[in-house]
Amino acid sequence: MHKPDQAQQQGSSRQASRVLLKVLKLRIFVALIAVVLFFSITVDNFLTTGNMLIMAQHITVIGILSIGMTLVILTGGIDLSVGSTVGFSGMFAGFLLMQGISFGDYTLFFSVPEVILLTCLVGAAIGFINGALITWLNVAPFIATLGMLYVVRGAALLFNNGGTFSKLAGHEALGNTGFSMLGNGQFLGIGIPVWLLLGLTLAAWLVSLKTPFGRYVYAIGGNESAAVFSGLRVRRIKLWVYVFSGFCAAIVGLIVTSQLQTGHPMTGDTYELRAIAAVVLGGTALAGGRGSVIGSVIGACVISILNDGMVMSGVSNFWQMVIMGLVIIIAVVIDQLQQRLQKRVMVAT
């Protein structure tokens, strides 16, 4: 008599688990809508055009960093040096624009495209060193990139004895004007940094989901030992992932320096934590093997809007740190809940 009722209850429970699982998978969209609605109601002038443009700049910075960080975390690694790379890249670009490279009595100045190219190469080189330490010398990603965080930040401070490179408008006589266009210019009414974010997001999304390289990244994060036994070139793939992360950090360094027209050695401080928070909030597992670039970029939107909304609300810096920390903890807890629920649903089916 009770067996049909029991079976019906189990069926209802499985159905409820599936519904809850779908809701959890959409949590980043729910969080984005909730944050926007909350600050739209509680903060005056939140949805103005001017404020939207400012928030778009902030989203761009964390968004681009989170793209590179996503691929790193998908392999089961982490990159703590991206914030320092942002500061170093800005100082390097400022150095090339303001002082150039001297050879005796001759000084070589670079055009803006050359400065951008060289800075991107420097950022990629920092990522290469990270990848080499991790893959060739078997240093744990946390330790390798933590050490590189201090090395690169120190190098940025050494560039100008702790000083800044300001007024980076360039000189027409030297042919290096126009640097401000990178951070402040527009195309079709949309800021160039936003176009860069969209382009990098699309490229990373296509690579991660539509190419063998992307599938290898997920496979390494899912089970690195199995990936090795399957014949994947794990070291080479992880190396390229860290190179891409360094490249993204250099792009952010160029954007911020261009917007401020100043290269500051402490630019990008704690950016790595915001990028990691965006990735986790976007649904990428810290253990690797699961997540998406799109989710991380939306996570960056949530982080940036939440941060700007708290500033406009007059929330103190101390409480902002507390709230951001709680958001990260809640995101990880929800991710754990999703994994358990996923396993329960799979077992039930």
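Colleague: Is Cys248 buried or exposed?

Modeller: In this predicted model, Cys248 has 1% relative accessibility and therefore counts as buried. The cut-off for buried is under 20% relative accessible area.

Colleague: Which cysteine sulfur is nearest to that of Cys248, and how far away is it?

Modeller: A disulfide needs a pair of cysteine sulfur atoms within 2.5 Å. The structure holds zero disulfides. For Cys248 the nearest cysteine sulfur is that of Cys120, 9.5 Å away, and Cys248 is in no disulfide. Cys120 counts as buried, at 9% relative accessibility.

Colleague: How many salt bridges does the structure hold?

Modeller: Side chains of opposite charge can pair when their charged atoms come close. Here there is one salt bridge. Lys238 pairs with Glu224, and their closest N and O atoms are 3.5 Å apart. Lys238 belongs to helix H11 (residues 234-260) and Glu224 to helix H10 (residues 224-229), so the pair ties together parts 14 residues apart in sequence.

Colleague: Now the backbone. Which phi does Gln261 have?

Modeller: Most residues other than glycine have a negative phi. Gln261 is not a glycine, yet its phi is positive, about 55 degrees. Gln261 sits in the loop between H11 and strand S6 (262-263). With a relative accessible area of 17%, Gln261 is buried.

Colleague: And where is Thr270 found?

Modeller: Thr270 is in the loop between S6 and helix H12 (271-281). Thr270 also has a positive phi, about 70 degrees, although it is not a glycine. Its relative accessible area is 32%, which makes Thr270 partly exposed.

Colleague: How many aromatic pairs does a search of the whole structure find?

Modeller: Rings are taken as a pair if their centres lie within 6.5 Å. On that basis the whole structure gives 10 aromatic pairs. One aromatic cluster is formed by Phe88, Phe92, Phe95, Phe159 and Phe165.

Colleague: Last, the surface. Which residues make the nonpolar surface patch of about 600 Å²?

Modeller: Trp319, Val322, Leu326, Ile329, Ile330 and Val333 make that patch. Val333 is part of helix H14 (residues 317-348). At 52% relative accessibility, Val333 counts as exposed, the cut-off for that class being over 50%.

Conventions:
Residues numbered from 1 in each chain as written. Predicted model: local features only at pLDDT ≥ 70, side-chain atom pairs only at ≥ 80, totals over all residues. Heavy atoms only, no water. Buried < 20%, exposed > 50% of the residue type's maximum accessible area, 1.4 Å probe, protein only. Phe/Tyr/Trp six-rings, centres within 6.5 Å; stacked < 30°, edge-to-face > 60°. Patch = residues over 30% accessible without salt bridge, like charges linked within 9 Å, V, L, I, M, F, W, Y side chains within 5 Å. Areas by Shrake-Rupley, 256 points an atom, 1.4 Å probe, with all protein chains shown as cover. Salt bridge = Lys/Arg side-chain N within 4 Å of Asp/Glu carboxyl O. Helix = DSSP H or I, 4+ residues; strand = E, 2+ residues; numbered from the N terminus.
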